[in-house]
Amino acid sequence: MPIHKFLGDALTFEIGKLYREGLPPAEGPWSGIPEFSFVGGNNDEANVPVAGLSEAATRVLQRAGRKLAVYNLGGSPLGHEDLRNFVCNKLGIRAETNVEPDQVLVTSGSLQALDLVNDLLLSPGDNVIVEEATYGGMLSRLKRLGVVVHGVRLDEHGVCPDHLRELLEQCTNAGAPAKYLYTIPTVQNPTGSCMPRERRHEILEIMGDHETAIFEDDCYADLLWGCPRPPTLWELDESETRVIYCGSFSKSIAPALRVGYLVADSSVLQQILSLKIDAGSGALEQMVVAEYAASHFDDHAEQLTSVLHRKAQVMAEAVRQYFGDSVEFEMPQGGIFMWLVFADDVDTAVFANKAAGSGIEFNAGAGWSVDPQWGANKMRLCFGNPTEEVIEEGVRRLSEIMDLP
Ligand SMILES: Cc1ncc(COP(=O)(O)O)c(C=O)c1O
């Protein structure tokens with residue numbers, strides 16, 4: 001008997017029948033990065049500090065490589081001590097506040113930080129407040145978690161205090177205070193605004209009347225050119241426990257490293273550790289980042305920021321030249337993206353397929369907005385990775401495809 005006949009049923013086994021209920025749709029096969037890619041928080045290739053990272057890797061491996069034999073390098077599950085000390089110094093110097101290493105947890109990118117904080121605080125049906133336009137990766141997470149998402153209005157300085165007060169009161173009066181306000185106050189994603197110090201004080205004061213935490217995402221704060229770096233909400237918070245703060249080396253060094261961090265009261269981090277059951281984030285990248293950053297971080301971030309600033313200018317010029325009056329935008333204060341607003345009757349998602357056919361990818365505004373209809377006439381364009389030439393040509397081609405009056 002042929003072996004496949006003998007095996008019979010085993011050959012017709014379908015694993016798909018065993019998948020659990022409620023999975024998101026499967027991803028299509030990866031088709032590569034298109035020629036004009038304006039999506040994703042990618043970085044400038046020429047400014048990945050390859051020489052510095054490889055020197056750091058060699059040095060740290062020779063000195064301490066054998067520690068890789070033990071989970072967490074034989075140290076605290078909060079992460080590599082040198083890296084946590086670096087984060088303390090970085091925040092301490094800037095914030096003029098003492099941060100202790102037991103207030104820092106290293107995560108596998110700040111996305112893991114988002115997951116951990118959500119796991120700590122959220123149950124289905126909970127209220128949360130996020131900026132009306134916000135990081136798509138957070139919106140998709142909140143949707144999966146089945147929480148009720150309230151979008152707080154934004155102006156050129158970030159979260160609008162009056163609307164925040166209204167939403168907080170609405171939730172509190174309904175007996176379900178919002179679990180947190182998730183905010184990206186410095187280089188807001190996607191608008192690129194930076195919340196001034198006075199607005200930060202105002203937001204904290206309003207929050208003081210409610211049993212609602214602040215989740216501050218500060219991953220772009222090292223790439224600021226439009227204004228001096230303001231103090232973080234975490235630093236300004238007098239309660240010292242309301243704010244959970246996260247940062248990342250994705251934007252300042254390289255996203256594929258997957259090194260981010262959470263900063264919070266040590267008791268909060270000890271509770272979060274009960275949820276971080278991954279046996280530790282990758283130790284080699286933590287060692288290399290700590291070794292590199294100790295002597296090069298500030299110079300590198302300054303250089304990268306000037307390159308990104310130039311790219312932002314190139315993109316802004318191209319948008320003005322090719323889209324003219326059909327679009328409005330604010331110059332970003334830093335970071336890697338621009339937020340374009342078209343006339344009310346434009347739906348940017350409609351152009352996505354046609355643009356993809358010409359090798360152009362962008363984020364339609366709906367995916368970056370609490371209310372997809374409100375976001376429909378908007379678009380996020382990232383300029384971190386494409387070269388100046390690609391930015392110019394890609395924007396030109398996109399304007400031809402959209403062909404707006
Ligand atoms: C606001 C914000 N938070 C978090 C992330 C996740 O970054 P990572 O996991 O690479 O640190 C991103 C990435 O684009 C982001 O824009």
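Tutor: Domain bounds here come from an automatic or database domain assignment. This is a predicted model, in which local features need pLDDT of at least 70 and side-chain atom pairs count only at pLDDT 80 or more, while totals for chains, interfaces and linings use all residues. Residues are numbered from 1 along each chain as its sequence is written.

Student: Which domains is the chain divided into, and how far apart do their C-alpha centres lie?

Tutor: The assignment gives domain 1 (36–49 + 299–402) and domain 2 (50–296), and their C-alpha centres lie 25 Å apart. The contact, where two residues count if their C-beta atoms, placed from the backbone, lie within 7 Å, takes 30 residues from domain 1 and 34 residues from domain 2.

Student: What gives the most to the side of domain 1 that touches domain 2?

Tutor: That is α10, with 7 residues; helices (H or I, at least four residues) and strands (E, at least two) are DSSP runs, numbered from the N terminus.

Student: Why are β11 (327–328) and β14 (363–364) called edge strands?

Tutor: Two strands pair if DSSP finds at least two bridges between them. The open sheet has 4 strands in the order β11-β12-β15-β14, with antiparallel pairing, and β11 and β14 are its edge strands because each pairs on one side only.

Student: How do you know that β14 and β15 pair?

Tutor: Strand β15 (residues 378–382) and β14 are joined in the antiparallel sense over 2 bridges, and the definition asks for at least two, so they count as paired. Within β15, Met-379 stands opposite Ala-364.
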